[in-house]
Every structure is written in C-alpha cells, then in structure tokens.
Amino acid sequence: MINGAHVILYSTAADADRSFIRDVLGFPGVDSGGGWLIFKLPPAEVAVHPTGGRPKHEFYLMCDDIEQTLADLAQRGAEISGPVRDQGWGLLAAVRLPSGTELPLYEPKHPVAYDLG
C-alpha cells in the first residue's frame, strides 16, 4: 500500500535551498539526476484542518526542544526569522531559506502520530 510521502517545496533559489537542506538541516539525500536532490525526511504525520477560505497545504518540521534546535541551526548558519511563539498547540518558530522563504518548525504540545506502530 502507501509506503511514504513526497513533499515538494517550490523555490526561486532551488540550488541554494537544496544546499541549505543538505548542509544546515543535515538531511541526507539522493541525486535523482542532474542535481535534482531528494531528501530523506524525519518521521512524518499529516493532519486535515477545516478552512473557510481556499484550501492550501502547509509544511512544518517538528522538534523535541525548539530552543535547542534553533540554537543548533543558528550555529550552522541558519537565520532564525523571529522569536518562538506559543500557539497553544505548540511552540512555533521559523528559519529563513536562502530563497527568503520561511520554513516553520515547532515543538508540539499535542499528541503526535509519527511514532505510532
């Protein structure tokens, strides 16, 4: 049946963002040909939320300790795009990709599904 998920981030600076994901975030990957890198993600989960507007998709990275994760990423050269905000469901922050796009990450306060058997 289904054995994974494939996420695509569209970028105006794809090569720089790929390098960031490989070198700063430390995600291993494969070259699918011509420099098109595909990265291994940590365990994942998906949620469906209601909307009163147009449907959209969002991508977040999750961590166990957001303050430590941000400190580690900053030490590797990541730009943290703002202070940690408590959203109730989790502690939210973001790093800025070289393209200028924010990549949100959060420390969940809700039960997680990614480690279900």
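Buried means under 20% relative accessible area. Tyrosine 106, at 9% relative accessibility, therefore counts as buried in this predicted model. Tyrosine 106 also belongs to an aromatic cluster with Tyr60 and Trp89. A search of the whole structure finds six salt bridges, and the structure holds three aromatic pairs.

**Aromatic cluster**

- Tyrosine 60 and tryptophan 89 pair edge-to-face, at 6.4 Å centre to centre and 80° between the planes.
- Tyrosine 60 sits in the loop between strand 2 (37–39) and strand 3 (61–62), while tryptophan 89 sits in the loop between strand 5 (85–86) and strand 6, so this pair ties together parts that are 29 residues apart in sequence.
- Tyrosine 60 is partly exposed, with a relative accessible area of 30%.
- Tryptophan 89 is partly exposed, at 35% relative accessibility.
- Tryptophan 89 also pairs with tyrosine 106, again edge-to-face. Here the values are 4.9 Å centre to centre and 85° between the planes.
- Tyrosine 106 lies in strand 7 (residues 102–108) and tryptophan 89 in the loop between strand 5 and strand 6, so their contact ties together parts that are 17 residues apart in sequence.
- Tyr60, Trp89 and Tyr106 make one aromatic cluster.

**Salt-bridge network**

- Glutamate 79 and arginine 96 meet through their side chains in a salt bridge of 3.3 Å, N to O.
- Glutamate 79 is in strand 4 (residues 79–80) and arginine 96 is in strand 6 (residues 90–96), so the bridge ties together parts that are 17 residues apart in sequence.
- Glutamate 79 is partly exposed, with a relative accessible area of 43%.
- Arginine 96 is partly exposed, at 26% relative accessibility.
- The side chain of arginine 96 also meets that of glutamate 102 in a salt bridge, at 3.6 Å, N to O.
- Glutamate 102 counts as partly exposed, at 42% relative accessibility.
- Shared partners join Glu79, Arg96 and Glu102 into one network of salt bridges.

**Another salt bridge**

- The side chains of lysine 56 and glutamate 58 form a salt bridge at 3.1 Å, N to O.
- Lysine 56 has 63% relative accessibility. The cut-off for exposed is over 50%, so lysine 56 counts as exposed.

**Charge over a ring**

- Arginine 18 places its charged end over the ring of tryptophan 36.
- The distance from the ring centre is 4.8 Å.

Terms used: Residues are numbered from 1 along each chain as its sequence is written. This is a predicted model: local features need pLDDT of at least 70, side-chain atom pairs count only at pLDDT 80 or more; totals for chains, interfaces and linings use all residues. Side-chain values use heavy atoms; hydrogens and water are left out. A salt bridge is a side-chain nitrogen of Lys or Arg within 4 Å of a carboxyl oxygen of Asp or Glu. Buried means under 20% relative accessible area, exposed over 50%, partly exposed in between (1.4 Å probe, protein chains only). Helices (H or I, at least four residues) and strands (E, at least two) are DSSP runs, numbered from the N terminus. Rings of Phe, Tyr and Trp (its six-membered ring) pair if their centres lie within 6.5 Å; planes under 30 degrees apart count as stacked, over 60 as edge-to-face and the rest as tilted. A charge sits over a ring if NZ of Lys or CZ of Arg is within 6 Å of the ring centre and within 35 degrees of the ring normal.
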